[in-house]
Amino acid sequence: MVEEPSKEVRVQERMDPFSMEALTRAWRAVRANGGGPGVDGVDIARFEARLEEELTTLSRELRAGTYQPRPALRIFIPKPHGGLRPMAIWALRDRVAQRAVYEALLPFFEPMFLDCSHGFRPGRSVETAVEAVKKARDAGRRWVLDADIQDCFERIDPRRLMERVRARVRDRRLVRLVERWVFAGLLQADGRIRAAGAAQGGVLSPLLANIYLHSFDQTIIKHGFYLVRYADDFVIMCRSQNEALRAQQVAEQALHALGLKLHPHKTRIVSFDQGFKFLGYFFVRDEIYCLT
């Protein structure tokens, strides 16, 4: 069942995310995050040199419904512990627009998210996730399904994702914009173009992933398991090895329903006596070590 938007959300609907004030706040956030230029080659210095003109044009296009995103660049960056992570690099104007829409969308979805979700949410962090793991451990949940969703951001189904956005957001302007970004071109190194979806690198991608995985959270919690999820990484804390095996079965089924699956080489059942890594920390016995 889809939760009805709250009164606060309906009030938020009437606010204008396309005003110069909103876009200026969005620009400041984008500038603080840094990053290189997109397909148009416009970097932060060049954008800022024409800031008023850029934001005025962007505001006009967003209000009129004529805004169209440029294709995003798909690049690969090294992961800290080996391998490559695909990233989408949007043009700066698109990042500013996404940031403004993100601020408008957040009140629609934040009230429905569950406590088990810690990634990219106000007031939540890696540290809150670590504390949740510690709390479960101290309560006797000393077996863990240590899991990773394989290529999660790349495999999120754009159509299923948009169904979830439409079910919650009544402002059609916002829905149309999210749809344009989700189905925008993602330019790959070989020149081929695919739908961007929720590809990592976009301002909206963490929120879109949380929206998509909300039903996964609901399923795991409904079965009585203790879940700690941070984006596509999660652990399920259990009281026995058999409980962890059952949790893995439920997790596989819940992900299958979303067109996703567990990573075969990054998913295992382990005890605190053996130890495991999660979000840059190593948990072993009753100790926690920061790995960075």
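What is the handedness of the crossing of α4 and α5?

## The α4/α5 crossing

In this predicted model, the crossing of α4 and α5 is right-handed. Helix α4 spans residues 51-64 and helix α5 residues 92-109, and their axes come within 11 Å while crossing at roughly 60°. Because angles from 65 to 115 degrees count as roughly perpendicular and those under 35 as roughly parallel, the two helices are classed as oblique to each other.

On the α4 side, the residues that take part in the contact are L55, L58, E61 and L62, and they meet R93, V96 and A97 of α5. Sorted by class, the contact of α4 with α5 comprises 5 nonpolar and 2 charged residues, with no polar ones.

## The four-stranded sheet

The model also contains an open sheet of 4 strands, arranged in the order β6-β7-β3-β8 with antiparallel pairing. Strands β6 (226-230) and β8 (268-271) stand at the edges, and because each has a single partner strand, one side of each is left without a neighbour in the sheet. From one strand to the next, the twist averages 20°.

Strand β3, residues 143-148, runs antiparallel to β8 and is joined to β8 by 4 bridges; V144 has V270 in β8 as its bridge partner.

## Helices lying across the sheet

Helix α10, which covers residues 205-222, lies across β6 and β7 (233-238), and its direction makes an angle of about 165° with β6. Helix α11, formed by residues 241-256, lies across β3, β7 and β8, running at about 140° to β7.

Methods
Residues are numbered from 1 along each chain as its sequence is written. This is a predicted model: local features need pLDDT of at least 70, side-chain atom pairs count only at pLDDT 80 or more; totals for chains, interfaces and linings use all residues. Side-chain values use heavy atoms; hydrogens and water are left out. Two strands pair if DSSP finds at least two bridges between them. Axes are lines fitted to C-alpha atoms, for helices over the stretch in contact, and angles run from 0 to 180 degrees between N-to-C directions. Contact means heavy atoms within 4.5 Å. Angles under 35 degrees count as roughly parallel, over 145 as roughly antiparallel, 65 to 115 as roughly perpendicular and the rest as oblique. A crossing is left-handed if the near helix is turned anticlockwise from the far one by less than a right angle, and right-handed if clockwise. Ala, Val, Leu, Ile, Met, Phe, Trp, Tyr, Cys and Pro count as nonpolar, Asp, Glu, Lys and Arg as charged, and the others, Gly among them, as polar.
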